[in-house]
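Subject: Structure for you to look at

Hello,

Here is the structure I said I would pass on. Please open it and keep it beside this email as you read.

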Amino acid sequence: MSTIEAAKPRTEVNPLLKLVLELGPLMVFFFANSRGDWLASRFPVLAELGGPIFIATGLFMAATAIALVASWMLTRTLPMMPLVSGIVVFVFGALTLWLQNDTFIKMKPTIVNTLFGAILLGGLLFGKSLLGYVFHSAFKLDEDGWRKLTIRWGLFFLFLAVLNELVWRTFSTDFWVAFKVWGTMPITILFTLAQMPLIMKHSLEQDSAE
C-alpha cells in the first residue's frame with residue numbers, strides 16, 4: 001500500500017486556489033496596514049505589536065505561515081520560491097517587530113528579488129538554467145529557450161529589487177504597501193505575459209506537434 005502511495009504523482013493545486021495561497025498574505029498585509037487602528041481597537045492584543053505597519057507585519061507572517069502549511073497539506077511539497085520568500089518574511093518580520101523598525105520588512109522584497117536574480121543569473125555562469133526547475137511542470141522548452149527566459153527573469157528580479165528600494169525610500173509607508181500589492185503584481189503579470197512569444201517559439205511541445 002505504501003509503495004503504491006509513494007508512486008502516486010504529486011497532487012496539482014487548482015490554479016485559482018494556488019493564486020489565493022500566493023496573494024492571500026499580501027492582501028492581509030494591505031488590509032491590516034490600512035485598517036491597523038481599527039484592528040487594534042477590536043483586538044487589543046494586536047495593539048501591543050505597535051502601529052499599523054507592525055500589526056500588518058505580524059499578520060503577514062501568520063498568513064504566510066498558513067499559506068505554506070496549506071500548500072504542504074495539499075501537495076506534500078513546498079515550491080522553492082514561496083518557501084525562500086517565506087523564510088525571509090519570518091526573519092525580517094521578526095526583526096521588524098523586535099526592533100520596532102519597519103525598514104526590515106520594507107527591505108524584504110529587495111532581499112528576496114536580489115537573491116532570486118543572483119541565483120538565476122549566477123546559475124547561467126555554471127551552465128545551469130535554474131528557471132527550468134521552477135517552471136518545468138508548467139511548460140517544456142529547449143535549452144536555448146530556458147537560457148533566454150532565465151536571463152530575462154533574472155534581470156526582472158533585479159529590476160524589482162531596485163524598484164522596491166526607490167519606492168520605499170522615496171514615498172510614504174502607506175504608498176509602499178499599496179504599491180507592493182497593486183503595483184508589483186500587475187507589473188509581474190504583464191512581464192510574464194510578455195514572455196509568451198519566447199515560450200511559444202522554444203516550446204518542445206510545439207516542435208513535436210509540428
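Below are some notes on its surface and its aromatic rings.

Please keep in mind that this is a predicted model.

Surface. Leu16, Leu17, Leu19, Val20 and Leu74 make a nonpolar surface patch of about 430 Å². Helix α2 (residues 15–34) gives the largest share of this patch, four residues. Leucine 74 belongs to helix α5 (residues 52–75). The relative accessibility of leucine 74 is 38%, so this residue counts as partly exposed, a class that runs between 20% and 50%.

Aromatic rings. There are 10 aromatic pairs in the structure. In one of them, phenylalanine 29 and phenylalanine 60 have ring centres 5.0 Å apart and planes at 40°, so the pair is tilted. This pair links distant parts of the chain, with phenylalanine 29 in helix α2 and phenylalanine 60 in helix α5, 31 residues apart. Phenylalanine 29 is buried, at 0% relative accessible area, and phenylalanine 60 is buried too, at 4%.

Another aromatic pair, tryptophan 153 with phenylalanine 156, is edge-to-face, with 5.6 Å between the centres and 90° between the planes. Both residues lie in helix α9 (residues 143–170), three residues apart, which is about one turn of the helix. Tryptophan 153 and phenylalanine 156 are both buried. They also belong to a cluster that ring pairs form with Phe116, Phe157, Phe159 and Phe191.

A charge over a ring. The charged end of arginine 35 sits over the ring of tryptophan 38, at 5.1 Å from the ring centre.

Regards

Methods
Residues numbered from 1 in each chain as written. Predicted model: local features only at pLDDT ≥ 70, side-chain atom pairs only at ≥ 80, totals over all residues. Heavy atoms only, no water. Patch = residues over 30% accessible without salt bridge, like charges linked within 9 Å, V, L, I, M, F, W, Y side chains within 5 Å. Areas by Shrake-Rupley, 256 points an atom, 1.4 Å probe, with all protein chains shown as cover. Salt bridge = Lys/Arg side-chain N within 4 Å of Asp/Glu carboxyl O. Helix = DSSP H or I, 4+ residues; strand = E, 2+ residues; numbered from the N terminus. Buried < 20%, exposed > 50% of the residue type's maximum accessible area, 1.4 Å probe, protein only. Phe/Tyr/Trp six-rings, centres within 6.5 Å; stacked < 30°, edge-to-face > 60°. Lys NZ or Arg CZ within 6 Å of the ring centre and 35° of its normal.
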